[in-house]
Structures are given as C-alpha cells and as structure tokens.
Amino acid sequence: MQPFTERAVTLIKNIPNGKVMTYGQIARLAGSPRGARQVVRILHSLSRKHNLPWHRVINSKGEISFKDEEQRLLLKCEGIEISKEGFILLERYLYQPE
C-alpha cells in the first residue's frame, strides 16, 4: 500500500462514531492537499477490505455526496442530524484529529 493510501485509511478508520470528515480534509492530513478524488477511490476500492466507515466521509460543503439512503441511515443511527437537502452541520459534526 502506498504511504498516502495507508495514511488515508488510518484517518478514515479513526473517525469516531457520530463524527464526519471531508474528502479534502482526509487528503490534506494524509499528505496530498489536492487528493480528494484519490480519497474517493480509496473508499471505493478498500472500504470492504479494511472495514472502513465510508459513510462518515462527506464533501466539503457538508453534503452527502451520494444520495444514498444507506449512508443517511447509518449517519442518523450515530446521532448525526441531516437536513432534508442532505447537509450536515460541519461546525457540529466535523472531526478534527490532532
């Protein structure tokens, strides 16, 4: 596994229940500030293999990127409030790892 991929997978695995991170935030913290699309590919290809909490990763606007009812349900089960339009308050739910 490439170093960026390994760091991104670790970051995603460590998103706590009831919190979210953005694709760009993960990319930046993993060492590639412009690598948000690479984070999407990592989630797509490695979520099952590494049991990643893919549903906790959203876009920079606080929006659920895929109009996916499963993602919405999983986030709601963790206590995350989602607007009818599919937005999450980043001020409240964004995880900021140290």
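Start by selecting Arg34, which is exposed at 83% relative accessibility. Exposed means over 50% relative accessible area, buried means under 20%, and partly exposed is in between, using a 1.4 Å probe and protein chains only. Arg34 sits in the loop between α2 and α3.

A word on what is on screen. This is a predicted model, where local features need pLDDT of at least 70, side-chain atom pairs count only at pLDDT 80 or more, and totals for chains, interfaces and linings use all residues. Residues are numbered from 1 along each chain as its sequence is written, and side-chain values use heavy atoms, with hydrogens and water left out.

**The whole chain**

Zoom out and switch to cartoon. Count five helices and two strands. Helices (H or I, at least four residues) and strands (E, at least two) are DSSP runs, numbered from the N terminus. Follow the chain from the N terminus, and the order is α-β-α-α-β-α-α.

Turn the model around. The C-alpha trace spans about 40 × 25 × 20 Å along its principal axes.

Show the surface. The accessible surface comes to about 6,300 Å², and 50% of it belongs to carbon and sulfur atoms. The areas come from the Shrake-Rupley method with a 1.4 Å probe; for residues, only the protein chains shown count as cover. Of the 98 residues, 44% are buried.

**Into the core**

Hide the surface and select Ile12, Ile26, Val39, Leu43 and Val57. In the largest nonpolar core, of 17 residues, these have the most contacts inside it. A nonpolar core is a set of buried Ala, Val, Leu, Ile, Met, Phe, Trp, Tyr and Cys residues joined through side-chain atoms within 4.5 Å. Which elements give two or more residues to this core? They are α1 (3-13), α2 (23-30) and α3. Helix α1 gives the most, with five residues.

Centre on Val39. Leaving aside neighbours within four places in sequence, Val39 is in contact with Phe4, Ile12, Tyr23, Ile26 and Ala27. Contact means heavy atoms within 4.5 Å.

Next, select Val20, Ile80, Ile82 and Ile88. They are among the nine residues of another core, which lies apart from the 17-residue one.

Go to Glu78, in the loop between α4 (69-77) and α5 (90-93). Is Glu78 buried or exposed? Glu78 is buried, because its relative accessible area is 18%. Not counting residues up to four places away in sequence, Glu78 touches Asn17, Gly18, His55 and Arg56.

Step back to Lys76 in helix α4. Lys76 is partly exposed, at 45% relative accessibility.

Finish at Asn51, in the loop between α3 (36-50) and β2 (57-58). Asn51 is exposed, with a relative accessible area of 67%. Check its backbone: phi of Asn51 is near 50°, a positive value in a residue other than glycine. Most residues other than glycine have a negative phi.
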